[in-house]
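This report concerns a single protein chain, shown below with its sequence. Please keep both in view while reading.

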Amino acid sequence: MTLVKFSGNKNGSVDNWVNDFFNPIFNDSFLSDRFISRVPAVNVAETSDAYHIELAAPGLEKGDFKINVDGDVLTISAEKKVENTDENKKYSKREYSYASFTRSFTLPDSIDHNSIDANYKDGVLKVAIGKKEEAKVASRLIEVK
């Protein structure tokens, strides 16, 4: 079975005129790049002594990030503004770039609020959240009797 795109009315009615007018506007890269929310992909892992969050956010700098812990919620946000201006040019179109996101994570009771570290390198933000000493899993071998 082959899927074929339905194009609607084929007799040249007003529908075709409206589609011809609006399709370029809504397919413009201006709209697709600037009005679509982009939330970075994230990996969350747990080890015996910590939780690890890795957030893919290329193109940002360390200073663009804000990491906040409020009670049991860790919030990671970033904001980047880029303005390209040249006073010697007469612009017919000038674009400003703005990107932002916010991700929040509910933390378990077992975390140590004083043991949270963040590192940003090669487009990946890594956040390590240490566990309280009593929450760390001790590894031991159990003898079978």
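Lys131 counts as buried because its relative accessibility is 6%, buried being defined as under 20% relative accessible area, exposed as over 50% and partly exposed as in between (1.4 Å probe, protein chains only). In this predicted model, local features need pLDDT of at least 70 and side-chain atom pairs count only at pLDDT 80 or more, whereas totals for chains, interfaces and linings use all residues. Residues are numbered from 1 along each chain as its sequence is written, and side-chain values use heavy atoms, with hydrogens and water left out.

**Salt bridges**

The side chain of Lys131 forms a salt bridge with that of Glu46 (2.5 Å, N to O); the term denotes a side-chain nitrogen of Lys or Arg within 4 Å of a carboxyl oxygen of Asp or Glu. Glu46 belongs to strand S1 (residues 42-46) and Lys131 to strand S7, so that distant parts of the chain, 85 residues apart, are linked. Helices (H or I, at least four residues) and strands (E, at least two) are DSSP runs, numbered from the N terminus. In contrast to the buried Lys131, Glu46 counts as exposed because its relative accessibility is 52%.

The structure holds three salt bridges, listed here.

| Glu46 | Lys131 | 2.5 Å |

Through shared partners, Glu61, Asp64 and Lys80 are joined into one network of salt bridges. Asp64 counts as buried because its relative accessibility is 17%, while Lys80, at 21%, counts as partly exposed.

Gly59 is found in the loop between S2 and S3. With a relative accessibility of 58%, Gly59 counts as exposed. Beyond its neighbours within four places in sequence, Gly59 is in contact (heavy atoms within 4.5 Å) with Lys80 and Tyr120. The C-alpha atoms of Gly59 and Lys80 are 9.2 Å apart in space, and the two residues are 21 apart in sequence.

**Strand S4**

Ser77 lies in strand S4 (residues 73-83) and, at 17% relative accessibility, counts as buried. Its contacts, leaving aside neighbours within four places in sequence, are Asp64, Phe65, Lys66, Phe101 and Thr102.

Thr75 lies in strand S4 as well. With neighbours within four places in sequence again left aside, Thr75 is in contact with Lys66, Ile67, Asn68, Thr102, Arg103 and Ser104. The side chains of Thr75 and Ser104 make a polar contact at 3.2 Å; such a contact is a pair of N or O atoms within 3.5 Å, where within protein one must be able to donate a hydrogen and the other to accept it, and residues adjacent in sequence count only if both atoms are side-chain atoms. Thr75 and Thr106 are 31 residues apart along the chain, with their C-alpha atoms separated by 8.8 Å.

**The nonpolar core**

A nonpolar core is a set of buried Ala, Val, Leu, Ile, Met, Phe, Trp, Tyr and Cys residues joined through side-chain atoms within 4.5 Å. The largest one here has 17 residues, and those with the most contacts inside it are Phe65, Leu74, Ile76, Phe101 and Ile129. Two or more residues of this core come from each of strand S2 (50-56), S4, strand S5 (96-106), strand S6 (111-121) and strand S7 (124-131). Beyond its neighbours within four places in sequence, Ile129 is in contact with residues including Ala50, Tyr51, Leu74, Ile111 and Ile116.

**Overall features and confidence**

The protein has two helices and seven strands, in the order α-α-β-β-β-β-β-β-β along the sequence. Buried residues make up 17% of its 145 residues.

The mean pLDDT (the predictor's confidence in each residue, from 0 to 100) is 78, and 66% of the residues reach 70 or more. Confidence is highest in S7, at a mean of 96, and lowest in helix H2 (residues 29-34), at 48. Over residues 28-36 the pLDDT is below 50, and this stretch has ten contacts in the model beyond near neighbours in sequence. Where pLDDT is low, the predicted coordinates should not be read in detail.
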